[in-house]
Amino acid sequence: MPQPIWLFDLDNTLHNASHAIFPAINANMNAYLARVLGSDGKPADTERVNAVRLDYWKRYGATLLGMVLHHDVRMDDFLHEAHRFDDLPAMIRAERGLGRLLERLPGRKILLTNAPLRYSRDVMRHLGLHKHFAQHISIEGMHVHRRLRPKPSKAMLRKLLAKEGVPAGRCILVEDTTDNLKAARALGVRTVWVTGYLASSPNLKLLAGGRPLRRFTKRPTYVDVKVQSVRQLPDYLARLRR
Ligand SMILES: [Mg+2]
């Protein structure tokens, strides 16, 4: 049987980004948006910033895309500002034993993250995981016909599969974001949903509104395997390769 090709997400899949990194990114983005949306040298108020963020996130799947399209913002500039951290290593939380896990998993591993290159490279190095990956695809590498197409873009995934020269069914996407899994599954990619860090996601908490989180982590039909942690992946290898 040919070896699988693993596509690993980074944030809230390989480490707990909700612990300190996402809150910092949110604060950075809000400050940046307030500056860009402001007028006469005055930053925009919180209400306006939140409304715009939510609107672009819903319409384009990412605040960045809306800012680039409608406010003449440069992608590099936005990403740089959003990913400024005083002490990134101190903010990273991850499980132990991920290096050994990746070593044990058969097949090529590709990091596929909507985060920028510098940040994702720093996190991967800090975790000591970079050496287990044959390729590192960050948002800067997600262009199709010169347009930015981050996850969950099917066009971007199709391009990636064509470049790898492998059938979709040989690839396995490991992710916490269900929209990304859904798009991948539609192309025939196998899907693993990592739910362990969802409980710390402020978006999900908001959505659940005090109701049990279990309702929101029920396995959808486009998810082949649901795990708490990537450390459970070896237990499901046979099912994923069937
Ligand atoms: Mg993620």
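**View 1. The loop around His 145, between β4 and β5.** His 145 lies in the loop that joins β4 (143-144) to β5, where helices (H or I, at least four residues) and strands (E, at least two) are DSSP runs numbered from the N terminus. The model is a predicted one, in which local features need pLDDT of at least 70 and side-chain atom pairs count only at pLDDT 80 or more, while totals for chains, interfaces and linings use all residues. Residues are numbered from 1 along each chain as its sequence is written. His 145 has a phi near 50°, a positive value in a residue other than glycine. Because His 145 has 7 C-beta neighbours inside 10 Å, it counts as exposed; by definition a residue is buried if 20 or more other C-beta atoms lie within 10 Å of its own, exposed if 12 or fewer, and partly exposed in between, with C-beta atoms placed from the backbone.

View 2. Asp 72 is placed in the loop between α3 and α4, and its phi is positive, about 60°, although Asp 72 is not a glycine. With 8 C-beta neighbours inside 10 Å, Asp 72 counts as exposed. The peptide bond that runs from Lys 151 to Pro 152 is cis, with omega near 10°, and Pro 152 is found in the loop between β5 (147-148) and α8.

**View 3. The packing of α1 against α2.** Helix α1 (residues 21-37) packs with α2 at an angle of about 105°, the axes being 9 Å apart; axes are lines fitted to C-alpha atoms, for helices over the stretch in contact, and angles run from 0 to 180 degrees between N-to-C directions. That angle makes α1 roughly perpendicular to α2, given that angles under 35 degrees count as roughly parallel, over 145 as roughly antiparallel, 65 to 115 as roughly perpendicular and the rest as oblique. From α1, Asn 30, Leu 33, Ala 34 and Leu 37 meet Arg 48, Val 49, Val 52 and Arg 53 of α2, where two residues are in contact if their C-beta atoms, placed from the backbone, lie within 7 Å. The residues of this contact divide into five nonpolar, one polar and two charged; Ala, Val, Leu, Ile, Met, Phe, Trp, Tyr, Cys and Pro count as nonpolar, Asp, Glu, Lys and Arg as charged, and the others, Gly among them, as polar.

View 4. The axes of α1 and helix α4 (residues 75-82) come within 8 Å and cross at roughly 130°, so α1 and α4 are oblique to each other. Here Ile 25, Asn 28, Met 29 and Tyr 32 in α1 meet Phe 78, Glu 81 and Ala 82 in α4.

View 5. A nonpolar core is a set of buried Ala, Val, Leu, Ile, Met, Phe, Trp, Tyr and Cys residues joined through C-beta atoms within 7 Å. The largest such core has 33 residues, of which Leu 7, Leu 173 and Val 174 touch the most other members. At least two residues of this core come from each of several elements, including β1 (5-8), β2 (108-112), α7 (117-127) and β6 (171-175). Leaving aside neighbours within four places in sequence, Val 174 is in contact with Trp 6, Leu 7, Phe 8, Asp 9, Thr 13, Val 192, Val 194 and Val 230. A second, separate core of nine residues includes Val 49, Val 52, Leu 64 and Phe 78.

View 6. Ile 5 is placed in strand β1 and counts as buried, with 22 C-beta neighbours inside 10 Å. The C-alpha atoms of Ile 5 and Arg 170 are separated by 6.2 Å, although these residues are 165 apart along the chain. Val 225, in strand β8 (residues 225-227), is partly exposed, with 19 other C-beta atoms within 10 Å. Leaving aside neighbours within four places in sequence, Val 225 is in contact with Val 192, Tyr 236, Arg 239 and Leu 240.
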